[in-house]
Amino acid sequence: MRHSLSLCVLPNKQVKAPDWSVRKPPYLPTIPGFPPLAACALFFPMSVFTPIPADESLLASGRLAERVGARLPDWGAVSWVDATTSTNADMQQQLRAAGRDELGPKLIGCFHQTAGRGRAGRAWQTRRGDALLFSCGWRIPVQPGLLPPLSIVAGLLACEALTSLLPDPSQSRLSLKWPNDLLLQQGKLAGILVETVVIPPAQRTHPSQLGIIIGMGMNLHGAAQLSKTLERPVADWASTGGNADLATIAATLAQAWNKAITLFADRGFAPFHARFARWDALRDQHVNVLDQGRVLFDGYAQGVDDSGRLLVATGQELRPVTVGDVSVRTIAAQVQA
C-alpha cells in the first residue's frame, strides 16, 4: 500500500514557562533563552481516558527517585515528583540556578504533567501514571550552530536504548519518524522535546556554555483505547513486550543520552549519521512539504544529510528540509499518526 505523508514547516514559538521549585530552592525566575529546537505531540485530552488501575508501588515519587538515582551514581541530581507543570520548565530553572561547581547532569521526572503541549500549541494531558515523563539537563560548552539535529540524535539513541530492554532486541519494531517521534510499527509511542537555556555569565565555567535539555514522554499503557478514540494509531510500552520497570527505563535512556552528549557537542550530527538509517521510519515514503498548509513540493524521503536535514527526492534532485512536523496519512484510510 502506498503511503502519503505531509511535512509542515512550522515556526518555533517560545512558550513561557511558569516558576516551579523542585528540591534545592530558591530558583531564578524564567528568563528568555533559546527557542525550542523541536517539539512533539504526545499528550492526549483527559476526556479520552477511562481510569486504569495503577500499581501504587511504582507510583511513589520518593521511592522512584531513589531507584533511578541508584542507577545514575555519577549524576548531580535526580528527582521525581507527583505532578508538575512541565519537567522541561523545571529543568530550565535548575540549570539557570545551579552554581559553577554543579557540573553533573540532572534528571527530573513526574507522574502527571499539567501543562504539556502538543502540535500548534494545543494543551494536552495524561492521566497520572499513564506515561513516563522526564527531562535530563546538562551545562556544556557547545556552538549553537550544532544544535538543530540534537532531537534526531536523542530519538535514535532512545530507539537503541529501549530496544536493549526488549526480550529479543533483534525483533524490535521501533522506529524514528524524523525528527523526534518514536513509533512502534505505525503507532506513536513517544515524543522528544529538546530545548536550550542561557546560563547567566557569572555561573558559566566556559564562555560558550549552554544549558541543554532533553525531555521525553512515553505512553506506558492504554494505547488500544486511545487509538480507537482518536482514530489514529497510538502505541504504548506494554505493546512492545518489554517488562523493564520505570526506574530501569528512565535510567537506561538517561545513560544513553549522557554518553553521547559530549560527542555531539564536539562534532554535531556527523558521528550519528550512519546509525540513523537503522531507525528511519520515513525512508522511501512519499511526502508533501508544506508551509502553513500550502504544499511547497513533494517527493520521496531519502534519509538525512550530515546536518540532520531530511532529504526529499523530487525528480532529479534532493531537496533538504530543515525543520518541520511530519504527519503520516495512508491514501486508503487517511490515518494520521
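Entry 1. I began with helix H2 and listed its buried residues: Thr-87, Asn-88, Ala-89, Asp-90, Met-91, Gln-92, Gln-93, Gln-94, Leu-95 and Arg-96. I note at the outset that the model is predicted. I then asked what covers the buried residues of H2. The cover includes strands E2, E3, E6, E9 and E10.

Entry 2. I next looked up the sheet to which these strands belong. It is an open sheet of seven strands, in the order E2-E3-E6-E10-E9-E8-E7, and its pairing is mixed. Strand E2 (77-84) and strand E7 (174-177) are the edge strands, each pairing on one side only. On average, neighbouring strands of this sheet are turned by 20° against each other, direction ignored. I recalled that strands of a sheet pair through backbone hydrogen bonds, in either a parallel or an antiparallel manner.

Entry 3. I examined two pairs of strands. E2 and E3 run parallel and are joined by seven bridges. In this pair, Ala-83 stands opposite His-112 of E3. Strand E9 (residues 187-198) and strand E10 (residues 209-219) pair in the antiparallel sense, over nine bridges. Here Gly-191 stands opposite Gly-217 of E10.

Entry 4. Is strand E3 buried or exposed? Eight of its eight residues are buried, so E3 is largely enclosed by the rest of the structure.

Entry 5. I then turned to the helices that lie across the sheet. Helix H1 (residues 61-71) lies across E2 and strand E3 (106-113), and it runs at about 150° to E2. Helix H5 (residues 246-267) lies across E2, E3, strand E6 (131-141), E9 and E10, and it runs at about 25° to E6.

Entry 6. How do the axes of H1 and H5 cross, and at roughly what angle? The axes come within 9 Å and cross at roughly 40°. H1 and H5 are therefore oblique to each other, since an angle must be under 35 degrees to count as roughly parallel. The crossing of H1 and H5 is right-handed. On the H1 side, the contact is made by Leu-64, Arg-67, Val-68 and Arg-71. On the H5 side, Leu-246, Ala-247, Thr-248, Ala-250, Ala-251 and Gln-255 take part. I sorted the contact of H1 with H5 by class and found six nonpolar, two polar and two charged residues.

How values were computed
Residues numbered from 1 in each chain as written. Predicted model: local features only at pLDDT ≥ 70, side-chain atom pairs only at ≥ 80, totals over all residues. Heavy atoms only, no water. Pairing = 2+ DSSP bridges. Helix = DSSP H or I, 4+ residues; strand = E, 2+ residues; numbered from the N terminus. Axes fitted to C-alpha atoms, helices over the stretch in contact; angles between N-to-C directions. Contact = heavy atoms within 4.5 Å. Parallel < 35°, antiparallel > 145°, perpendicular 65-115°, else oblique. Left-handed = near helix turned anticlockwise from the far one by under 90°. Nonpolar A, V, L, I, M, F, W, Y, C, P; charged D, E, K, R; others polar. Buried < 20%, exposed > 50% of the residue type's maximum accessible area, 1.4 Å probe, protein only.
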